[in-house]
Amino acid sequence: MKTALTALLLSCLAMTASAQEVPDYIGSAQCASCHVDETEAWKTSDHGLAWTEPSDSTVVADFNNTEFHGNGMDVKFSKDEKGFHAKVTEMDGVTQDYNVHSVVGIKPLQQYLFETAPGKLQSFDVVWDVDKKEWFHLYPDSLLPPTDGMHWSGPYKNWNARCAECHSTGFEKNYNPQTRSYQSTQVEIGVGCEACHGPGSKHRDWAKDKQPLTISGLDAYGFTMPTQGGAEKWVQQCAGCHSRREAFNEGNPLPGTAYHDNYRLSLLTPDLYHADGQIREEDYEYGSFLQSKMYAKGVSCMNCHDPHTGERVAEGNTVCTQCHSPAGNPDFPSLPLKEFDTAAHHFHKEGSEGAQCKNCHMVEQTYMGNDERADHSFRIPRPDLSAQTGAPDACTTCHKDQTPEWAAAKIEEWYPNSTHRGPHFGTTFAQAAQDPAGALSNLLAIAKDESQADLVRATSLFLMQAAADEKTVQETTPMLSDDSPLIRASAARLQRAGNPQARVDNLIKLTTDPIRLVRMAAAQELLSAPLGQLPQQATANLRSAMAEWQKSLGNRLDFPETHMVMGGIAMVTRNYPAAINAFRETVQLDPQRIEAWSVLVRLEIGVNGKSAGRKLLDQALQSNPDNPTLLELRPQTQ
């Protein structure tokens, strides 16, 4: 593995980070002496209790010799003077005692972490329902042996890699790929003051005389996240955790840095979102919010949520009518000044569930068994599109005995002159999933439509990849200079369908883009391009961008999917021994990655012969008995 990693990092110069002095973390306790009200509001919030030490005040579950039986396991929970414990008997009959290392969350469920190896924390799948006061399994339909990658002890449930950075302050993962071990650290467990405002030592200095500071990279109060940062700054700060994304760093980025310098936001792809952009998987809020008109008009998270309690600033419809009313809100002058919280608008009985704004405009989905999360796109219900998009609609989510056609007819009856029943990108995205070539022209029109949300336009560019041709590349090349980094990065991906030399000419300038997401996208697309004789500075810029990409991969070497990518890089560069090692590490971390086994067996046959391939195939089938994809490889090893 060490050889493979070294080989894959060749041709990239080490990235030289500019030395910038940043403040030190000091811990939330030091903030409390001055900011009493904010501290009181925060310490019982979901942020304050995002990750805590186990104690009688933080553990809400019943550990008094309670039991859980199901999903192929038996668990006995207990407590004594030494702490909280779980005795777990797995489906293979092996019993193991675990101490509760720490506690995650407070409502509507609480989860517990076990230290399965020194420094390695795993999130247990049997959790506590706070309202029902009972244990339940997060994945009731799963029946997994401990050898499965999706088992609670596997790589996808590892706390250090998958969760800790959003539940802590000043987190550093510190994964050692050679020993597959962790030495993670954090300034503070839980989302403390400095997780959002930035390290506080310079602010503490400011507090001595309260004279404005003039330090590069800090605001006048000594924060990396400007106190008066503006709506977009704060939305991006919240989005770091409240989004479905891929992180570039191996721990918490410095608060206040641009979102797209730290993360690759997931697009509205069919595996994560419905065709019309509604949430499907656990997508959190940012991807939805970016689609909304509210975001486009400058609304931020803090217009609706108190930043310290995390709760809404008002109850029920009042949180909406603070703006959507005859009085309006002077901060958003384009709002129509009219009554919305009335039966004349929602056509439901006053005070009923149907009269609640969120039930029509923020449909909730249930994740983690009992955690209901609202879609933050604030969309107008479109049951008239359901037949084309296959997406759910708000109306029949409540009226389960009715059809989308019934709901569409009702809405047309109530709003006969509505301007909100026009074309929608969802119909094109649904078509693209089935017929990319047939949808190509409409996808291009959406990508060019500046009235669409940047995330929608970027997704349209992504969906074009399956059918892109030279004409597509020519039409989308101007988008390489779009204002949105999402669009620039997606347009860069399309360049692979064009002329190789034109690809180099178009993308090389993006290697100095101000946003890391875009620089890395350009580097990835230039990996296999015939570079020819680039000018010296262009070569240096490309190497720098390539190093950023490789560094981001190096920060995720505990992810099986990272090694899949690295194996793909090695294949492109024809470094087959490195590819074998990368795919071997993939299946070492997750033995159920059939696609990795499949490529690995073929590579092994090609490089080391049929006998080596047959031996490897036998290993694959031990972890995945009777898998048809693997069995199809048997004749190739004979």
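Is Arg 496 buried, partly exposed or exposed, and what is its relative accessibility? Arg 496 counts as partly exposed, because its relative accessibility is 46%. The cut-offs behind those words are under 20% relative accessible area for buried, over 50% for exposed, and partly exposed in between, using a 1.4 Å probe and protein chains only.

A quick word on the ground rules. This is a predicted model, where local features need pLDDT of at least 70, side-chain atom pairs count only at pLDDT 80 or more, and totals for chains, interfaces and linings use all residues. Residues are numbered from 1 along each chain as its sequence is written, and side-chain values use heavy atoms, with hydrogens and water left out.

**The overall picture**

The protein has a radius of gyration of 26 Å, which agrees with the value near 26 Å that a compact globule of 638 residues would have. That radius is taken over C-alpha atoms, and the globule rule is 2.2 Å times the number of residues to the power 0.38. Along the principal axes, the C-alpha atoms fill a box of roughly 75 × 70 × 65 Å.

Secondary structure comes to 29 helices and 16 strands; these are DSSP runs numbered from the N terminus, with helices (H or I) of at least four residues and strands (E) of at least two. Of the 638 residues, 48% are buried. The accessible surface comes to about 30,900 Å², and carbon and sulfur atoms own 52% of that; the areas come from the Shrake-Rupley method with a 1.4 Å probe, and for residues only the protein chains shown count as cover.

Contacts (heavy atoms within 4.5 Å) reach across the sequence too: among those between residues at least 6 apart, 54% join residues at least 24 apart.

**Charges and salt bridges**

There are 56 positive and 80 negative side chains, and the centres of the two sets lie 6 Å apart. Lys and Arg count as positive, Asp and Glu as negative, while His and the chain ends are not counted. Each charge is placed at NZ of Lys, CZ of Arg, CG of Asp or CD of Glu.

A salt bridge here is a side-chain nitrogen of Lys or Arg within 4 Å of a carboxyl oxygen of Asp or Glu, and by this rule the count comes to 25. Here are some of them:

| Salt bridge | N to O distance |
|---|---|
| Lys 79 and Asp 56 | 2.9 Å |
| Glu 246 and Arg 264 | 2.3 Å |
| Glu 525 and Arg 496 | 2.5 Å |

Take Lys 79 and Asp 56, which meet in a salt bridge. This pair links distant parts of the chain, 23 residues apart: Lys 79 is in strand S2 (residues 73-80), and Asp 56 is in the loop between helix H3 (36-43) and strand S1 (66-70). Lys 79 is partly exposed at 37% relative accessibility, whereas Asp 56 is exposed at 61%.

Glu 246 and Arg 264 also form a salt bridge. Glu 246 lies in strand S13 (residues 245-247) and Arg 264 in strand S14 (residues 263-265), so the pair ties together parts that are 18 residues apart in sequence. Glu 246 is partly exposed at 28%, while Arg 264 is buried at 19%.

Back to Arg 496, whose salt-bridge partner is Glu 525. They link distant parts of the chain, 29 residues apart, with Glu 525 in helix H23 (residues 516-525) and Arg 496 in the loop between helix H21 (485-494) and helix H22 (500-507). Glu 525 is buried, with a relative accessible area of 5%. Elsewhere, salt bridges that share partners join Asp 46, Lys 107 and Glu 311 into one network.

**A few local spots**

Helix H6 (residues 201-209) has Ser 201, His 203 and Trp 206 buried. Just after H6, Lys 210 takes a positive phi of about 55 degrees.

Ser 325 sits in the loop between helix H11 (318-321) and helix H12 (343-346). Ser 325 counts as buried at 11% relative accessibility. Leaving aside neighbours within four places in sequence, Ser 325 is in contact with Pro 336, Leu 337, Lys 338 and Phe 340.

Over in helix H25 (residues 560-572) you'll find Thr 562, buried at 3% relative accessibility. Not counting residues up to four places away, Thr 562 touches Leu 553, Arg 556 and Leu 557. Thr 562 and Pro 212 are 350 residues apart in sequence and 45 Å apart in space, C-alpha to C-alpha.
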